[in-house]
Amino acid sequence: MASQARTQATEKAFHDLFNPSTSLAKIRDAALLDRLFRISNDGLDVPGRSLAWKLFLLPSEPLKTPVEADSSFLLESLRFSRKRYTELSIDKMRAPDGGYEEGFTVPGSQASPKRVSKPDINLERNNPLSLHTENPWTEWFASVELRKTILQDVERTFPEVDFFRLPEVQTELTSILFIYSDMNPSIGYRQGMHELLAPLYHAVYSDAISSSDAPYIKEDGVKELCARPWVAADSWALFEAVMRGASRWYEWREPTLGVTNKSPLNTHVTLNVSQARGSAEIKPYITPIVQTCNDIQANLLRTTDFQLWQRLQTTGIEPQIYGIRWLRLLFTREFSLPDAMKLWDALFACDASFDLVPWICVAMLIRIRNDLLPSDYTGQLTSLLRYSSPQWSQQGVHVNHVSLLVRQALALQMSPTPATGVSLISENWSLLNIPMDVPEPPPAPRRKVPPPTIRGRPSSNSPVGPSSPAAPGHTRQQSSQQLGFSDMLGGILERGESLGINKSLMSAVTELKRNIPDIASSLIRSPTAPSPSFPLAVESSGEKPPWEHRSRLDMEKEMTSLRVINKRLGDSLSWIVDVLLQDESETPDPGLLKKKRREAVESLAYIRDVLVSNATDVEDDRLIGEEERKQRKAKAKMRENREPDVTALSLPTPVPVVDSHSGREAQASVGTSRRAPRSLDISNISNDRSPSRKPSDLSARIAPWNYTRSNFATPSSAVEAALPRPPPPSSTTMRPNADNRLTRKDPVPVLQDPLGVLH
């Protein structure tokens, strides 16, 4: 009974559309006003919808503008498209060996196609395993992979609708998309096409009349227009008509040169006068969908709502973020599927070329202007990508918001002025109860600023320390400046949140944060500046604010402590490796080695915990084992016992010095006679000084480096006895005896000058 009632409703819709007293213009106006169908149904199953779409989209009689809806010419157009789809299906689904996949049936019938035999097949080239460049199986395997890719998208089509989960529905959708992609290689199959085909197929399938329901239909034209076996063919015809207007938004590569301006004459030469004159410019290729998106926001929206355009430009919203999905899917993601199909009713009725679609996007932006103007970048993205439909309208006013959207787009297209934009805002308020006044932006959340570091004078009765409060009124200049910068940054961020210009100020705030260390260093008191008259308190406890500049001394201290910790961990790891590499067969005490290994593993686990937790307090007792600690203590104690006592060392014994000046005096008085220098004894010094003073005391008091000028002419010079070492012998004749006295073994008539004072 349900199918019978649905069939009768479809027949009534056919009579309403193809009534001789109804013109095509009245039908289009009824679609714009949401009065096309008798039954007001907000669901998917609207009787007669596929008939209206076929009337609006399929080509009319050539060289004739249709005035009335003619079902006879529509039948002619459908017969031609059904025949063409059948031929394409049989040709594109046939394998190179002439066979077909299991389950494939000829469109319009339930029979399987016959296998085409090819007796003259060249097996060297026509072979699934052949590597020949002209092997037809290569193209067949590529088409199989393409069908698998299409099927993956089809399986995810409108998951909330159970109709698209049927296997036979998914198979026919895949076949339609594959045939279209094969017939249009410049575009091929692009993701999103399956969401354009699915509503078309659903509308055709809902109006289809099966052979069992045919007896209830009196009009033969309805039976042929809505025949169940031709659902796939009619859906393919509607999809081709839709893609004639929407295919430009699926183009992804630049068309080849010479294809668009090809001359019908083979010998004709095409000359470009502008290029010949040198005025041609080589511009980068921009896809049509990007051009359309830029035109929507930069031109169309700017001419109708300048305030909204300026706001989107300020926040940096790119039109491709929302425009690509709106255009390619024809708003099936922005509205529910029943609302999207109602929008298609009005769109197909007034403009099958889809030149109105960009203006629909502008009308959608104006409708949510109250959400876009006070929001920041994140809020605007949320409103654009999760488009909210009006929940209710004014009392006593019944209007569908998607049909109203198409009418508003027509008004903008006919008169793209700011006055038209204001009229749309007023119409949204009167019909959809959308306020005309822009709401105030929500207050920005206040950022939690940590308390500033204040250094002051400590109280007289409390010790200076982290817990002692600083005296008020005595604040360092540096802390006050840091507090000023914190307030300034906080004010900038809050005002930016309230005005929605955070993104434009982001670069300035980042630059200011980067220069804060330099500014803070310039505010530090120089060493030559006079010191304050009051003592400075120790910095209060707690971590430094993130914007406070860390001094170089703090960083060096931290690096030094890290190096010390790494050195201790490295020593522990060396001991652990040595213990773990010991062989039990070479160890006299295996039990002790087993204990050491257990301690080494425990130390290794402790090192792991230290490195993972970034701990700075390392326990030395846990870095090595108990036995190793005892051995190291014993070695340290033995090392202390072996070290000599430095305080017990005695001063070196003074040695006599040979005076070489006596030889010069003897040479002046005697002439040719020469004599060897005589030796000096320490007793000569003791006779000139006090008898109670010892030579060791004198040498300790009189150091040779306290004298800048020496006089060796005087035999009783005190410096002679204080020299720490004897002069080197000048020849083999001079040798020191047992008591460090220089004696002459054999006199040699050679002038001695060991210190080089005669030169």
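Buried means under 20% relative accessible area, exposed over 50%, and partly exposed in between, with a 1.4 Å probe and protein chains only. Helices (H or I, at least four residues) and strands (E, at least two) are DSSP runs, numbered from the N terminus.

This is a predicted model, in which local features need pLDDT of at least 70 and side-chain atom pairs count only at pLDDT 80 or more, whereas totals for chains, interfaces and linings use all residues. Residues are numbered from 1 along each chain as its sequence is written, and side-chain values use heavy atoms, with hydrogens and water left out.

**The whole chain**

Begin with the entire protein on display. Its secondary structure comprises 28 helices and two strands. Of the 759 residues, 38% are buried. The protein exposes about 46000 Å² (Shrake-Rupley method, 1.4 Å probe; for residues, only the protein chains shown count as cover), and carbon and sulfur atoms supply 54% of that area. A contact is defined by heavy atoms within 4.5 Å. Among contacts between residues at least 6 apart in sequence, 69% join residues at least 24 apart.

**Stop 1: the loop at Asp34**

Select Asp34, in the loop between α2 (24-32) and α3 (49-57). Asp34 is not a glycine, yet its phi is positive, about 60°. Its relative accessibility of 33% makes Asp34 partly exposed.

**Stop 2**

With a relative accessible area of 30%, Arg84 is partly exposed. Which residues does Arg84 contact, leaving aside neighbours within four places in sequence? They are Met183, Trp236 and Glu240.

**Stop 3**

Two packed helices are described by the angle between their axes and the distance between the axes. Select helix α11 (residues 288-304) together with helix α12 (residues 306-315); their axes come within 6 Å and cross at roughly 140°. Here the axes are lines fitted to C-alpha atoms, for helices over the stretch in contact, and angles run from 0 to 180 degrees between N-to-C directions. α11 and α12 are therefore oblique to each other; angles under 35 degrees count as roughly parallel, over 145 as roughly antiparallel, 65 to 115 as roughly perpendicular, and the rest as oblique.

Show the side chains of the contact next. α11 contributes Gln297, Ala298, Leu301, Arg302 and Thr304, while α12 contributes Phe306, Leu308, Trp309, Leu312 and Gln313. These residues divide into six nonpolar, three polar and one charged. In this grouping Ala, Val, Leu, Ile, Met, Phe, Trp, Tyr, Cys and Pro are nonpolar, Asp, Glu, Lys and Arg are charged, and the others, Gly among them, are polar.

Gly316 follows α12 and has a positive phi, near 85°.

**Stop 4**

Return to α11 and centre on Leu301. Is Leu301 buried or exposed? Leu301 is buried, at a relative accessible area of 0%. Apart from neighbours within four places in sequence, Leu301 contacts Ile296, Phe306, Leu308, Trp309, Leu312, Val362, Leu365 and Ile366. Leu301 and Leu365 are 64 residues apart in sequence and 8.3 Å apart in space, C-alpha to C-alpha.

**Stop 5**

Select Phe354, in the loop between α14 (337-350) and α15 (357-367). Phe354 has a positive phi of about 65° although it is not a glycine, and Phe354 is buried, with a relative accessible area of 0%.

Ser375 comes next, in the loop between α16 (369-372) and α17 (377-385). At 17% relative accessibility, Ser375 is buried. Not counting residues up to four places away in sequence, Ser375 touches Arg311, Thr315 and Gln380.

**Stop 6**

Select Ser415, in the loop between α18 (401-414) and α19 (418-432). Ser415 is partly exposed, at 30% relative accessible area. Thr304 is 111 residues from Ser415 in sequence, and their C-alpha atoms are 9.1 Å apart.

Finish at Pro435, in the loop between α19 and α20 (477-499). Pro435 is partly exposed, with a relative accessible area of 49%. Leaving aside neighbours within four places in sequence, Pro435 contacts Asn370 and Trp429.
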